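Please look through the structure shown here with the notes that follow, which take a few residues in turn and group them by topic.

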Amino acid sequence: MHYRKCLALPSLITALLSIPNSAAAQVSINIGSGPVCPYGYYDFAPYNDTPYGYYGAEWFTGGVFIGAGPWFRGARDFHGHVDNRLDSHHGYAGPHPERGDKPFNHFHGNEMRDGRGHAEGGHR
């Protein structure tokens, strides 16, 4: 009897230590902010920088681009003017901004966009 009591505690410890530990699964998804572009970026993949003059004033707040593409968090009914002649889908292959470029002041919009890649007609 004394022999069984002496083996009970080590047996219990061994049994508890032999139970496999279950690790908690971790899934992490990070959707970061868009690229830093002085004039914004196209609202369609691959979300490249747009040339100056592509977006109208409604796309900027205090001189800072408010967004377009999958990270755009503007109002659902937001629509802003763009100049689609500077759209790469329409064959534009001209200059694009460099890091640190300053925005310019003139704009000639000919289309409305919602920031999520949807376009509507319209002239400004």
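Which backbone oxygen does the side chain of His 79 reach? The side chain of His 79 reaches the backbone oxygen of Asp 77 at 3.2 Å. This is a predicted model, in which local features need pLDDT of at least 70 and side-chain atom pairs count only at pLDDT 80 or more, while totals for chains, interfaces and linings use all residues. Residues are numbered from 1 along each chain as its sequence is written, and side-chain values use heavy atoms, with hydrogens and water left out.

**Two histidines**

- His 79 sits in the loop between strand S2 (64-65) and strand S3 (80-82), where strands (E, at least two residues) and helices (H or I, at least four) are DSSP runs numbered from the N terminus.
- With a relative accessible area of 29%, His 79 is partly exposed, a class that lies between buried (under 20%) and exposed (over 50%), using a 1.4 Å probe and protein chains only.
- Leaving aside residues up to four places away in sequence, His 79 touches Glu 58, Met 112, Arg 113, Asp 114 and Glu 120, where contact means heavy atoms within 4.5 Å.
- His 81, found in strand S3, is buried at a relative accessible area of 14%.
- The side chains of His 81 and Glu 58 are joined by a polar contact of 2.8 Å; such a contact is a pair of N or O atoms within 3.5 Å, and within protein one must be able to donate a hydrogen and the other to accept it, while residues adjacent in sequence count only if both atoms are side-chain atoms.

**A buried threonine**

- Thr 50 lies in the loop between helix H1 (2-17) and strand S1 (60-61), and Thr 50 is buried, with a relative accessible area of 0%.
- A polar atom of the side chain of Thr 50 lies 3.1 Å from the backbone oxygen of Tyr 39.

**Aromatic rings**

- The structure holds ten aromatic pairs, counted when rings of Phe, Tyr and Trp (its six-membered ring) have centres within 6.5 Å, with planes under 30 degrees apart called stacked, over 60 edge-to-face and the rest tilted.
- The pair of Tyr 41 and Phe 65 is edge-to-face, because the ring centres are 5.2 Å apart and the planes stand at 75 degrees.
- Tyr 41 lies in the loop between H1 and S1 and Phe 65 in strand S2, so the pair ties together parts that are 24 residues apart in sequence.
- Tyr 42 and Phe 44 form a stacked pair, at 5.1 Å centre to centre and with 25 degrees between the planes.
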